[in-house]
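Hi,

Here's the structure I said I'd pass along.

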Amino acid sequence: MKRRLIGLLLGFGSSVLSNSVFAEEAPVTLQTLTDHVFINHPARQAEASMDALAESRSTLAGQLFAEPLSLSVNHFNDVIGSSDGLQEWETSVEMPIWLPGEKRQQQNLSRHLAAEVPYYQQRIRLDASAQVREHVWQVMLSAAKVRHAETLQENAGNLLKNVQNRVEGGDLSRSEALLAQSHHLEMQSQLASAKMDLQQSLNQYQFLTGQQVLPDVIEETLPMVLEIDKDHPLLAELEQQIARQRSEMANARYDNARHPSVSLGVKRERDAHADPYNNSIGVGVSFALNDSRYQQPAIAQASRLLADLQIAQQQQKRQLEAALLAAKDKYKTLQQRQILLKEQYEVSQQYVSMQQRSFDMGGIDLTTFLRSQEVADKHRHQLLQLEIEIQQQISMINQIAGRNL
């Protein structure tokens, strides 16, 4: 069912709206529009690299050895020396071993990296919601201007006919007819300009959403409790990044650390008397001594990045809370202004009715009547526009609060 606001605009009978925006086509909702914008959002191209990074960490953690195996082959002889026939072959394979807890930390980092993708998607969807909200309500505001201009043009046409009839009857001078005709032409010009603005809004809307129709329901409701909580997409993503950075810190202590290694080798040698080769097998172990100082820069850098993320989260929360407070205050102001504007409009309508009777009876001239009518028309347009702005402000509050469409 169409909501009252859209029904109000439909009731105005604008040909531009009825043919281009509200035609009966396949069901379109705010959610389907947001889905379209989200799917085609350029920022989603980063998801593949995020998945690849998480997968690379998982693959690394699944390796048997901490670093690639290394093979060394050495050959010694005395050909350029004594040339007594001394020869020696030595081959070994070096196998780096994971440091205690390193493999588990790599696995934890992989899980945290993979968990970032859904939070990243929620933030992108929030941005898509913002774009849909902006363009939908821009179309609505432009449509209201068109309908207002249509009403003014229609009233100006009726006034022109009335004045022309009275001029022919000798009640008014020809200058009054020229003034009415000029007023009618001005209203036609305003209508053409409003329709052009509406068409531009529609073009932008179609470019973004791929649709030519607005949803049947575009009005949103405010939740009972309005506050910025930890589930806000912007804050939730930062919280996940903080968790990932803590895992990065845990891994930083393994950066620039030399892994202990076990080597297994074969040695084949023959002395200078040309005796048969002597074959032997060797096993070795190597490990670093006091390498903690070489790890400190990486740990400090990871700690700095963690602090930056925590500061960014706090700043983001404060900004959102300030923006939400300002948006709620503006919403209350618009509601109060609407009450006053309704009273102004009712008074101006009564005044125009009195001026209309006075003009019909020849008590005032056309210029005076047009001034009074202009005030009433202005209040009427402001009232309609204000109603749309109130609904737009509700959507803005939901956007700031992190409510996706």
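Axes here are lines fitted to C-alpha atoms, for helices over the stretch in contact, with angles running from 0 to 180 degrees between N-to-C directions. Helices are DSSP runs of H or I, at least four residues, numbered from the N terminus. It's a predicted model, so local features need pLDDT of at least 70 and side-chain atom pairs 80 or more, while totals for chains, interfaces and linings use all residues. Residues are numbered from 1 along each chain, and side-chain values use heavy atoms, without hydrogens or water.

Helix α6 (residues 174-209) and helix α9 (residues 366-400) have axes that come within 10 Å and cross at roughly 25 degrees. That makes α6 roughly parallel to α9 (under 35 degrees). In contact (heavy atoms within 4.5 Å) are Glu-176, Leu-179, Ala-180 and His-183 of α6 with Leu-366, Thr-367, Leu-370 and Gln-373 of α9.

Just after α9, Gly-402 has a positive phi of about 85 degrees.

Cheers

Terms used:
Helices (H or I, at least four residues) and strands (E, at least two) are DSSP runs, numbered from the N terminus. Angles under 35 degrees count as roughly parallel, over 145 as roughly antiparallel, 65 to 115 as roughly perpendicular and the rest as oblique.
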